[in-house]
Structure formats: C-alpha cells, structure tokens
Amino acid sequence: MAKIEKFCLLQSKLPFLSVFNVIFTRRVEMASKKTSFVCQQCAYRSAKWVGKCPSCGEWNTLVEEIAPESKSKYQGKAQSNIKTVSPLHTLSKQDTVRILTSDNELNRVLGGGMVPGSAILLGGEPGIGKSTLLLQLAVQMQGKFLYISGEESENQIKMRADRIGIRNEDCYVVSTVDLRQILSLIDQEEPNVIVIDSVQTLQSDLIESAPGTVSQIRECTNELIRVAKQRDIPLFLIGHITKEGFIAGPKVLEHMVDTVLQFEGDRQYNYRLLRASKNRFGSTSEIGIYEMLNDGLREVANPSEILISHKNEDLSGICIGAALEGARPLMIEAQSLVSSAVYGTPQRNVNGYDLRRLNMLLAVLEKRCGFRLAQQDVFINITGGLKLEDPALDLAIVTAILSSYEDLFIPYNYVFAGEVGLSGEIRPVSKVEQRIVEAEKLGFKKFFTNIPKEGLAKKAKNMEVIQVKKVEELFQYLFG
Ligand code: TYD
Ligand code: MG
C-alpha cells in the first residue's frame, strides 16, 4: 500500500501521471479478481497464457477472462420435485407443431416451419444479408415479433424495414445489448418470436468479461434459450462468422442451439444460399435460394432458370451440368474459355469451381485423351456465383473446355452429369433420377451420364438418356 500512497502523492504534483494511474488501478483491480485464460474456440480454461490451446490445438485463442466463482450452484440437496424415469416404449409420441413462416425457402430449410421453443442460430459473413432475412420475416409475417438489435439503432432498422415494406403492425424493435434489459422486455412484451442480432454483442452484467467472449456468449445464449423454451416460442440468434467460415465464438454455441443455419453467397452476386448444418427437427440436406434485390430478399423457387443465362444462343464453351445441392437438383451453367497462352506459364482461373479439380481434369484430358491443353489458358466460370462441390459437375466442365477448345457449340438442350476419374472414365453419380426429372421439367432433351438407360425409361419419358463411359466416347458423340 505504501507504494500506492507514494504514487498518489507524486501524481498530485505531476498531473500527467494520471494516465499511469488508470493503468495502475486497473492492474490492482484485475489482481484482486481471479482471472483465467479461456480458449475462444473450445472454452478450455487455463491458469496461465499459452500460445496453443492444449485442448483443441488452435493457436492464439486464449483470452484473459475473469474466473467464475468456484462454488457450485448445485451444492446441497436435490430439489423436492424428483423426476421419475419411464420405459421408452411406453411414451406416447407427440407431434411437433410447426409454425409456418411467410418465407417458403426458410420453411423448407427448417424442415417445415419453426418449432416452438426452438433456438435457431443463423451464421454468415458480414453484409451477406442475415439481418435483412430475419427483419424481412419480422415485418412481413403475422405475429408479435420482438427484433432486438445490438448492432444497429432503431432508426437504421426502420430505414431497412421501409425498403422491405412493413406489413406486420405487430413487429417491435429495440436497440440494446444488455441481457437483463432484454429479459425484462421479453417478460413485458410477451412476443411470439424473438430475433437477436447478434449474439456476439450481448452483455450480461453477471459476467465481467467483454462482449463476444466465450463466457458472455455462453451465459447470454443459455439464458435466452431457457426463456424461449419456457415460453415455448422460437428464438432466432444471428451469429458472426470468422475468416475461416466458422461461427465466431465457441463451438459450444452450436451445441446449445437446435438448428444452425448458414447464409452463404458471393457478395459480388445477388444469389444467396441458406442451408442447415445442424437441425434437430429436420434434415440438413435442404437448401433455400434467395436473390438480394433493392427491396429485400426474393425467394427463388425455380433456381435453374436464373442460373442458365444463354439458353438459346449457339455459343461455344457453354455447357449445362445437372448438379445436386443438398437434396435439390440444380441445372448449372459452366462456361469455359480456352485460348493460346501468351505468356510462358498458361493461366488457369476459376470462378465458383475448385482450381485443383480443374488442374486434375486438364491433366486427364492431356494425358488420357490426347488434347494439347498444356499451352492453353483455361478459364472456368460457374454462373450465378454459387460455389458447388458436387463432383457430378466434372463432366459439364470437361465438355465446356472441349467445346471452347474445338470452338463448337453444345446444343442448349443437352445436359451433363458425371464424375471424371483419373483414367478419363466417367463415373455414375448419386440420385441421378432426381437430376433427370428436374432436367426434363426444364425442357432439356438429352441427358449424358454413365448409367444404363433401361432402368430410367419410365421416369424420363421425354428425355433421352445417353450412357457415356469415357471422355473420348463423349467427344466422339458430340464433335465426331
Ligand atoms: P445485412 O442484412 O445488413 O447483412 P448482415 O446482417 O449479414 O451483415 O445486408 C446488407 C447488404 O444487403 C447491404 O450491402 C445492402 C444489401 N441490401 C439490399 O441489397 N437490398 C435490401 O433491400 C437490403 C435491406 C439490403
Ligand atoms: Mg447485420
């Protein structure tokens, strides 16, 4: 203490020392409270700072936080209302009631609407449209919505809502980050649906760590989920994602909620994909597609139509692939440009496709099929800005490259689906019937894949299925 007194005396003489004073008192304060270092990825707690988390192995994820009190909340005897256990087969099945939203794509991804009492986490990059998606739901669907924003002021929310068009007069907005305030607002307003934008901004005064840290996120989310379950209302939480594409904050956040939705897309393009990476009440294979317009997000019911740009033009280097995203077949247009390299090293550029995969396909075409592509620049573009990982697109990419190389166009009503192997063989793809049915619906006439057509005859009446086993065979068929 003597040191502190000396310091204060000195400070009264030299006022500029007050800066040090602030730092000094903060240090004394921190020292009086027990702190520990918590991994922001896995919530591992350590007494001292280490560069690499011993639990999850991530680097630089430990942040100093004030340690919670060690006394267990569960000490003492159990509560009087002791639960009994019952044999599983005697339990009666209760159908989950679902609330249909005004947004059909969202309904589909959620597995048929919102489940009361469920917590739904929506993650996505900044500016992709998370706030727009949920605000649109709040202002267009009927029911009492409470939209809580820790990121924007009420005024900003109003401006955005005006763009979308307000149809729900029972939608309330508030700009706050304080958990206590939020809880009392929920008690007071009794909303039917709660939206929190975003969990990373929430702050509970019981936890002394900064907003966005593991302890804060865990505590606030836990409390909100408890309230949502108790009131039996759906709760939407918006979460930021990190550079690597994970939802910022601890993995525990994803464990706590019932559903995790990802909102993706390329900001250069207007199309957005909504998919579930976890869903306790439905499958994770459904996707929703939206288009960002000036007045909000538009649901895209028939994605293939917008993804195919030059339907009737006889251009070389364009080929349609039947891809599958989740459970949804999509007709995707692959564009390719092959031209002689001006510089020593030929350029390979992709947009919406994997560059390594393209290099592999080019090597196959060169070595196995004898095309001289080593001295050619190759550019690939998947229209719409979607990034698909379906290997069935290989065949469309290869066909587009060959079409551009030969400068011969592919008729617009041909569609391709197949994985290309290292020896130039075309492998069958999954769920080919679904792809064929979708392609037929869109008016395509010939479907190239490696599957015997007999089995498919009854499914595709107006579609000619052409079996191709090797790339050379396909080349012969198309270009003779
Ligand atoms: P936003 O919902 O704020 O993204 P997030 O919450 O994921 O960070 O989306 C913002 C972007 O969307 C912004 O760049 C503007 C654009 N936008 C439109 O194009 N049309 C609209 O009607 C709205 C509301 C936003
Ligand atoms: Mg936002």
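In the hairpin formed by S13 and S14, 2 residues lie between the strands, and Gly-326 adopts a positive phi near 65°. The model is predicted. Strand S13 covers residues 318–325 and pairs with S14 in the antiparallel sense, over 8 bridges. Within this pairing, Gly-321 stands opposite Ile-332 of S14.

S14 also pairs with strand S16, residues 376–382. These two strands run antiparallel and are joined by 7 bridges. Of the 13 residues of S14 (residues 328–340), 10 are buried, so the strand is largely enclosed by the rest of the structure.

Ligand 1 has 15 residues around it. Gly-127, Ser-131, Thr-132, Leu-293 and Gly-296 come nearest. Several polar contacts involve the protein backbone. A polar backbone atom of Gly-127 is 2.7 Å from an oxygen atom of the ligand. For Lys-130, a polar backbone atom is 2.8 Å from an oxygen atom of ligand 1. A nitrogen atom of the ligand lies 2.6 Å from a backbone N or O atom of Leu-293.

The search of the whole structure returned 2 cavities of 30 Å³ or more.

Backbone geometry was examined next. Most residues other than glycine have a negative phi, and most peptide bonds are trans. The peptide bond between Asp-197 and Ser-198 is cis, with omega about 0°. Ser-198 sits in the loop between strand S7 (193–197) and helix H7 (214–231).

Two residues other than glycine show a positive phi. For Asp-407 the value is about 55°. Asp-407 falls in the loop between helix H11 (393–406) and strand S17 (414–416). Its relative accessible area is 57%, above the 50% cut-off, so Asp-407 is exposed. For Lys-431, phi is near 45°. Lys-431 is placed in the loop between strand S19 (426–427) and helix H12 (432–441). The relative accessible area of Lys-431 is 43%, which lies between the 20% and 50% cut-offs, so Lys-431 is partly exposed.

Notes
Residues are numbered from 1 along each chain as its sequence is written. Chains are lettered from A and ligands numbered from 1 in the order in which they are written. This is a predicted model: local features need pLDDT of at least 70, side-chain atom pairs count only at pLDDT 80 or more; totals for chains, interfaces and linings use all residues. Side-chain values use heavy atoms; hydrogens and water are left out. On a 1 Å grid over the protein atoms alone, a cavity is a set of points where a 1.4 Å probe fits but cannot get out, and a pocket is an open set with protein on both sides within 12 Å along at least five of seven lines; lining residues have an atom within 4 Å of a point. Grid points are joined across faces, edges and corners, and a volume is the space filled by probe spheres set on the points. Buried means under 20% relative accessible area, exposed over 50%, partly exposed in between (1.4 Å probe, protein chains only). Helices (H or I, at least four residues) and strands (E, at least two) are DSSP runs, numbered from the N terminus. Two strands pair if DSSP finds at least two bridges between them. A residue is near a molecule or strand if one of its heavy atoms lies within 4 Å of it. A polar contact is a pair of N or O atoms within 3.5 Å; within protein, one must be able to donate a hydrogen and the other to accept it, and residues adjacent in sequence count only if both atoms are side-chain atoms.
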